[in-house]
Amino acid sequence: MGVRAFNYYVKSHLPEFLYPAFIQYKYKKMMGRFCNLTNPQTYTEKIQWSKLNRRDPIITDLADKVKVREWVKGRIGEEYLIPTVGDVYSSADEIDFDGLPDRFVIKANHGCGYNIVVNDKNNLDVAEIKKRLNSWLSHNFAFNTFEMQYRDIKPKLYIEKFMIPEGEEDLPDYKFFCFDGKVFCSYTMIDYTVNHSEGRLGFFDRDYKLMPYYRADYKPIKEQLPPPDKYWEMVELAETLSKGFSHVRVDFYNVEGKVYFGEMTFTNASGLCIFVPDEFDRILGDQWDLSSGI
């Protein structure tokens, strides 16, 4: 058993009363400071608190990237959903790759980072892809850093239509930080679709004015970008979907002026990202009333 497999085994068999200790350890290791779980003040501390205390089943349902589609359809309409290809699968062996279009995106529903962008099916190593997909399905994402909303999701695979317009290589991602049903700010990600590590990220206020903050793990956007088409429609949709939740990040894509829902995220970056300057951690934390909503 390798080191990663051993670490996963230990965490997945850890008694629940030890979760706070692990969360404290991981936070100190990643962030370089103690995490106050008793009286959290910063945004990243409140994310750690929420892992232990936000256990409403609706959060699990909305973290499920397949189930959330039906909920979004009922809230804002089916026209905001990215079209899917084929069925929902319990194993990669169920997928008829020959019947898929030349370009598509294949995803798993039970965590983050489970996606493969296929630009040309003819270059696909199907055996290798199946191996990778089935390894996703055997992994309970919750036990990476105890984001427990993922624990009880039944792992599935699904395939989305390829949404990058012809002649372009990037699909900007707009992620709205909503507190008690109101957008406070968002971040835009660009230049990341082909190579995630090369992505640039910038925070923008509710009026889409560039804020002087960014994440240490991404290159910063330093220039004011023009608001995307239908920006205020995305704000309105984010606030509709976030109503009733003390905090949730609501993501959208904007494809040639057409808005598409991305996902709802309740533990942004698992609360383990470093903001620059660090004061933004407290600014975001001040927006989050843990006693308000789910």
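Ser270 is buried, with a relative accessible area of 7% (buried means under 20%, exposed over 50%, and partly exposed in between, using a 1.4 Å probe and protein chains only). The model is predicted, so local features need pLDDT of at least 70 and side-chain atom pairs count only at pLDDT 80 or more, while totals for chains, interfaces and linings use all residues. Residues are numbered from 1 along each chain as its sequence is written, and side-chain values use heavy atoms, leaving out hydrogens and water. Helices (H or I, at least four residues) and strands (E, at least two) are DSSP runs, numbered from the N terminus.

- At 33% relative accessibility, Ala269 counts as partly exposed, whereas Ser270 is buried at 7%.
- The peptide bond running from Val276 to Pro277 is cis, with omega near -10°.
- Pro277 belongs to the loop between strand S12 (275-276) and H9.
- Gly32 follows H2 and has a positive phi, near 80°.

**Helix H2**

- Helix H2 (residues 19-31) has 13 residues and should span 18 Å at 1.5 Å a residue; its end C-alpha atoms are 18 Å apart, which agrees. The expected span is 1.5 Å times one less than the number of residues.
- Tyr19, Phe22, Ile23, Tyr27 and Met31 are the buried residues of H2. They cover an arc of only 130° around the axis, which puts them on the same side of H2 (the arc is that of the directions from the helix axis to the C-beta atoms).
- As background, an α-helix has 3.6 residues a turn, so residues three or four places apart point the same way.
- What do the buried residues of H2 pack against? Their partners are helix H1 (3-12), helix H3 (43-53), helix H7 (142-145) and helix H9 (279-287), where contact means heavy atoms within 4.5 Å.

**Salt bridges**

- Searching the whole structure turns up 16 salt bridges, each being a side-chain nitrogen of Lys or Arg within 4 Å of a carboxyl oxygen of Asp or Glu.
- Arg33 pairs with Asp281 in a salt bridge whose closest N and O atoms are 2.6 Å apart. This pair links distant parts of the chain, with Arg33 in the loop between H2 and H3 and Asp281 in helix H9, 248 residues apart.
- Buried or partly exposed? Arg33 is partly exposed at 25% relative accessible area, whereas Asp281 is buried at 2%.
- Arg200 and Glu223 form another salt bridge, with the closest N and O atoms 3.2 Å apart. It also links distant parts of the chain: Arg200 is in strand S7 (residues 200-205) and Glu223 is in the loop between strand S9 (219-220) and helix H8 (231-242), 23 residues apart.
- Arg200 is partly exposed at 22% relative accessibility, and Glu223 is partly exposed at 34%.
- Arg282 and Asp286 join side chains in a salt bridge at 3.1 Å, N to O. These two are four residues apart in helix H9, so about one helical turn separates them.
- Arg282 is partly exposed, with a relative accessible area of 40%.
- Glu16, Arg55, Arg151 and Asp152 are tied together in a network of salt bridges.

**Surface patch**

- Phe6, Tyr9 and Val10 make up a nonpolar patch on the surface, with about 280 Å² of accessible area together. Areas come from the Shrake-Rupley method with a 1.4 Å probe, and for residues only the protein chains shown count as cover.
- Patch residues have over 30% relative accessible area and no salt bridge; like charges are joined within 9 Å, and nonpolar side chains (Val, Leu, Ile, Met, Phe, Trp, Tyr) within 5 Å.
- Val10 is in helix H1 and is partly exposed at 35% relative accessible area.

**Phe179 and its neighbours**

- Phe179 is part of strand S5 (residues 173-179) and is buried, with a relative accessible area of 6%.
- Leaving aside residues up to four places away in sequence, Phe179 touches Tyr43, Phe184, Phe245, Ser246, His247, Leu284, Gln287 and Trp288.
- Phe179 and Tyr218 are 39 residues apart along the chain, and their C-alpha atoms are separated by 24 Å.
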